[in-house]
Each structure stands twice: as structure tokens, then as C-alpha cells.
Amino acid sequence: DETDMHLWLDPRNAAAMVEAIAGALAAADPENAARYQTNADATLASLTDLNAEIAATLAPVRGRSFIVFHDAYQYFEARFGLTAAGAITVNPEVPPGAKRISQLRARIKEAGARCVFAEPQFRAKVIDSITEGTKARSAVIDPIGADVAAGSEHYFKMMGNLAASFEACLADPS
């Protein structure tokens, strides 16, 4: 299936989830419905702020091309006006072969991709092979926040880190 299941990478989708969860909890536990709604309202306000913060962070790099490890960022890209030029692999469990690496190098040059993004579990050596002979830089992005402490701020920190990684790698070199 071609559906991108990473829908949480758009804060507006996260807001829709919060509303649905609060409604389901209130229906299951009417005695605490007001508390669920209060918590949902606070989270929705934080998500609105997060959306604005990320939009401002990424505004200077909109339209700059990049390559991602796997095609997991469509919701994030659409929400914040980013443009992926391709993905390293369709299946994250299968590393790219020599032919795919050659195709990716050509795509980087053709699209003027500024950055190739790996994910924490992907070997930097392969990214180095892909960027070799190009002007593209490399960076790591993490769509699940593997290095972010669990807790009520996890989503917000993970999304902030994601935005910061995109901005830092796509920005003009200083």
C-alpha cells in the first residue's frame, strides 16, 4: 500500500487525534469528561503553537530539495512546504545497492538536493557513499524521537528536533 502511515508528523493530524481520544475517554468515563476536555484544550493550544513555531523555523528553507532515508515524511513535508527529491529505500530493512546509490547521486545533482537525511538506525557509511562527489550534506532525522525522553513533552520535543534537523541541514552554509 502506498499510504504513508506517519500521520503524526503533521501537528494538525495530532490535534485531530487529541480530539478523538478526548471524546472517546469522555464517553467511556463521563465522570471525568471535563478533565479530559481541559487536558485536550491545553494540548490543542500547544499543538497550535508548535505548528506555528515549526512553520517559522522552516520558512527560510522551503523549496530546498533533499533526499530522505525512507518515504515517511509526506505529512510533515506537506504541512510545512518542504520538497523531497526522493528516498534512499522503499524498505528500511534493505540497504541500497550500488545501482541505487548511483541513481541517488544522479538525483541529488539533478534536483540540487542540499541534504541527504539518515535515520538513527541507518549506517552513516551508506550516506557517505551516496553524498560522495555531490555538494549535498548529511544529517539524521528521527520521526519517532528515539532519543527523546518519554513523557508529556515527548511529541513536542521530537517534532522540534525534526524541524531543527531539517533547518540546519537545508540552511545556507555559513
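**Exercise 1. How do two helices pack?**

At what angle do the axes of helix α2 and helix α6 cross, and within what distance do they come? Work out the orientation too, and list who makes the contact.

*Solution.* A quick reminder before we start: this is a predicted model.

Step 1. Take residues 33–58 for α2 and residues 154–170 for α6; their axes come within 10 Å and cross at roughly 10°.

Step 2. Angles under 35 degrees count as roughly parallel, so α2 is roughly parallel to α6.

Step 3. Now pick out the residues. On the α2 side you'll find Thr43, Ser46, Leu47, Leu50, Ile54, Thr57 and Leu58. From α6 come Tyr155, Phe156, Met159, Ala163, Phe166 and Glu167.

Step 4. Sort them by type: the contact has nine nonpolar residues, three polar and one charged.

**Exercise 2. Find your way around the core**

Which residues of the largest nonpolar core touch the most other members, and which element supplies the largest share?

*Solution.* Step 1. The core holds 34 residues, and the ones touching the most other members are Leu47, Leu58, Phe76, Met159 and Phe166.

Step 1. Go through the elements. At least two residues each come from α1 (11–28), α2, β1 (65–70), α3 (74–80), β3 (115–118) and α6. The largest share belongs to α6, with nine residues.

Step 2. Zoom in on Phe76. Setting aside residues up to four places away in sequence, Phe76 touches Leu9, Ile54, Leu58, Leu82, Met159, Leu162, Ala163 and Phe166.

**Exercise 3. Track the salt bridges**

How many salt bridges does the model have?

*Solution.* Step 1. The count comes to four salt bridges.

Step 1. Start with Arg79 and Asp10, whose closest N and O atoms are 2.9 Å apart. Arg79 sits in helix α3 and Asp10 in the segment before α1, so this pair links distant parts of the chain, 69 residues apart. Buried means under 20% relative accessible area, so Asp10, at 5%, is buried. Arg79, at 28%, counts as partly exposed.

Step 2. Next up are Asp172 and Arg64, which meet at 3.4 Å, N to O. Asp172 is in the segment after α6 and Arg64 in the loop between α2 and β1, so the bridge ties together parts 108 residues apart in sequence. With 48% relative accessible area, Asp172 is partly exposed, while Arg64, at 18%, counts as buried.

Step 3. Then look at Glu110 and Arg107, at 2.5 Å, N to O. Both are in helix α4 (residues 98–111), and because they are three residues apart, about one helical turn separates them. Glu110 is exposed at 63%; Arg107 is partly exposed at 31%.

Step 4. Finally, check for shared partners: Arg64, Arg114 and Asp172 are joined into one network.

**Exercise 4. One serine and its surroundings**

Is Ser65 buried or exposed, and which residues is Ser65 in contact with beyond its neighbours in sequence?

*Solution.* Step 1. Locate Ser65: you'll find this residue in strand β1.

Step 1. The relative accessibility of Ser65 is 10%, so Ser65 counts as buried.

Step 2. Leave aside neighbours within four places in sequence, and the contacts of Ser65 are Thr83, Ala85, Ala111, Gly112, Ala113, Arg114, Cys115 and Leu170.

Terms used:
Residues numbered from 1 in each chain as written. Predicted model: local features only at pLDDT ≥ 70, side-chain atom pairs only at ≥ 80, totals over all residues. Heavy atoms only, no water. Axes fitted to C-alpha atoms, helices over the stretch in contact; angles between N-to-C directions. Helix = DSSP H or I, 4+ residues; strand = E, 2+ residues; numbered from the N terminus. Parallel < 35°, antiparallel > 145°, perpendicular 65-115°, else oblique. Contact = heavy atoms within 4.5 Å. Nonpolar A, V, L, I, M, F, W, Y, C, P; charged D, E, K, R; others polar. Core = buried A, V, L, I, M, F, W, Y, C linked by side-chain atoms within 4.5 Å. Buried < 20%, exposed > 50% of the residue type's maximum accessible area, 1.4 Å probe, protein only. Salt bridge = Lys/Arg side-chain N within 4 Å of Asp/Glu carboxyl O.
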